[in-house]
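The following note sets out a colleague's comments on the model shown below.

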Amino acid sequence: MTFSALGLSDEIVRAVTERGYTEPTPIQAQAIPVVLSGGDLLAGAQTGTGKTAGFTLPILQRLTASAKPATGKAPIRALVLIPTRELAAQVEESVRDYGKYLKLTSMTMIGGVNINPQIQRLKSRVDILVATPGRLLDHLQQKTLNLSHIEILVLDEADRMLDMGFIRDIKKILAILPRQRQNLLFSATFSDEIKMLADGLLNKPAMIEVARRNATAELITQKIYPVDRERKRELLTHLIKEHNWHQVLVFTRTKHGANKLAEQLNKDSIPALAIHGNKSQAARTRALAEFKSGKLQVLVATDIAARGIDIIELPHVVNFEMPNVSEDYVHTCCPQTGITAFRWLQSLNNVFRGTSKN
Ligand code: AMP
C-alpha cells in the first residue's frame, strides 16, 4: 500500500516521503479513505500509531480540493482540538510539514502564552486551527475568533480530554460550530463517557480500531530495578553516569516530585529540568527544545505534561514512579516503539522501572 494509492495528491505524498515515511501505518491506511470521502469517523488509536497523519493528510487534501479563491480573508475551515499544549504545538508542526507544498496555513492556539500575538495572527489567513480548549474559549469570549465556517472538526485524544475535565469546554465549543460539518474523534480508550460524547457528536461514523502495538520485544529493552524508595534517586544518578545516558526522559507522578528530582540531579552534576503544568509555557517549550536537541541530558516530567512528546528514537525512558494512568506507560518515540501498558507492574511497590533501548 502506498500513500498515492490512498488517493493523496502528489504534493502531500512528496512531503511525507521527505519525512521518511515509505508506507501508511494501519490507522492511516484505514482512516485516510474515510476522511477523504467526507464521512464521520470514530477511531480507536493511541499516540504512536501515526494517527496525526491519519487525519491531517486527508484534511489537507480536502481543504485544497475545495479551496476558495484567495480573495478577502479566508475563514478557518478545520479545527483540531487537543488536550495538551505540547501535543497541540507538535500536531500543528506536523500540519505545516505535511502541507508544506500546499497553499494552506495553520496556527497553534494554546494557553500559557501571551494572547496578543495570537489575536494578531488571527487577522491573517488561517485554514487549520490546532487548539487547546481553554485558550480557544478565551478567544471566543473576547470575540477574536470566528468558527462559523468550520467544515471539519477533530477531537484528538478524546479520552484524555475527558480525564482532564474538558468536557464542559468541549460542549461549549461544539455548540457554536456550524451543524453541517465532518467530525473525527480519536480516542485510545472507549469509556461510557466517550461513547456518549461520540453518540452526540458523530453522524453514522465509520469505526476503526487499530490494535495496540506491542513491539517492545523488537525495539525496546525493559528493565526493572528493585530498589528501596529512599535510594531511587541515587540509583538513577548511578545509572545515568555509569552508562553515560543522554536524552533521558524521567516520569514522576507529582509536580513537586519532578521539581525535587530535577534539583537533586543537578546537584549530582547531571543537567536536568522539570516540566509540568505549573511551569510557564515558555519554560516548558524551552526545556523540551533543549531536550530534543540533545543539549539537556535529563527531562523530568509528570505524565500529563509529557504525554505525546514525540522524539524520534528516544533512547531512555525511566518510570521513576508508577504512572497514574496505565496508558501513560506507552511512550511515543515512533509507531514502532508503542509499548503496551503493563498493568501488572502496578501491583509492585518500591519498583523503579526503566526502559531503554540498550
Ligand atoms: P502519532 O501517532 O501521530 O503521534 O505519530 C507517531 C510517530 O510516527 C511520529 O513520529 C510520526 O512522525 C511517525 N509516523 C507517522 N506516520 C508514519 C509512517 N507512515 N511511517 C513512519 N513513521 C510515521
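**Comments on the sheet and the helix packing**

1. The strand order 3-4-2-5-6-1-7 describes an open sheet of 7 strands with parallel pairing. Its edges are formed by strand 3 (106-109) and strand 7 (206-209); each has a single partner strand, so one side of each is left without a neighbour in the sheet. On average, and with direction ignored, neighbouring strands of this sheet are turned by 15° against each other. It should be kept in mind throughout that the model is predicted.

2. As to the chain as a whole, it contains 14 helices and 13 strands. Of its 358 residues, 54% are buried. Among contacts in the chain with a separation of 6 or more, 72% are between residues 24 or more positions apart.

3. The partners of strand 6 may be taken in turn. With strand 1 (residues 41-44), strand 6 pairs in the parallel sense over 4 bridges, and Ala43 stands opposite Phe186 of strand 6. Strand 5 (residues 152-155) also runs parallel to strand 6, the two being joined by 4 bridges; here Leu153 stands opposite Asn183 in strand 6.

4. Turning to helix packing, two packed helices are described by the angle between their axes and the distance between the axes. For helix 6 (residues 133-141) and helix 8 (residues 167-176), the angle is about 45° and the axes are 10 Å apart. That angle makes helix 6 oblique to helix 8. The crossing of helix 6 and helix 8 is left-handed.

5. Which residues meet where helix 6 contacts helix 8? Helix 6 contributes Pro133, Gly134, Leu136, Leu137 and Leu140, and helix 8 contributes Asp169, Lys172, Ile173 and Ile176. Sorted by class, the contact of helix 6 with helix 8 comprises 6 nonpolar, 1 polar and 2 charged residues.

6. A second pair for comment is helix 11 (residues 232-243) with helix 12 (residues 255-267), which pack at an angle of about 50° with their axes 11 Å apart. Helix 11 and helix 12 are therefore oblique to each other. Their crossing is right-handed, whereas that of helix 6 and helix 8 is left-handed.

7. The residues that meet in this second contact are Arg233, Leu236 and Thr237 from helix 11 and Leu261, Gln264 and Leu265 from helix 12. By class, the contact of helix 11 with helix 12 has 3 nonpolar, 2 polar and 1 charged residues.

Key: Residues numbered from 1 in each chain as written. Predicted model: local features only at pLDDT ≥ 70, side-chain atom pairs only at ≥ 80, totals over all residues. Heavy atoms only, no water. Axes fitted to C-alpha atoms, helices over the stretch in contact; angles between N-to-C directions. Parallel < 35°, antiparallel > 145°, perpendicular 65-115°, else oblique. Left-handed = near helix turned anticlockwise from the far one by under 90°. Contact = heavy atoms within 4.5 Å. Nonpolar A, V, L, I, M, F, W, Y, C, P; charged D, E, K, R; others polar. Pairing = 2+ DSSP bridges. Buried < 20%, exposed > 50% of the residue type's maximum accessible area, 1.4 Å probe, protein only.
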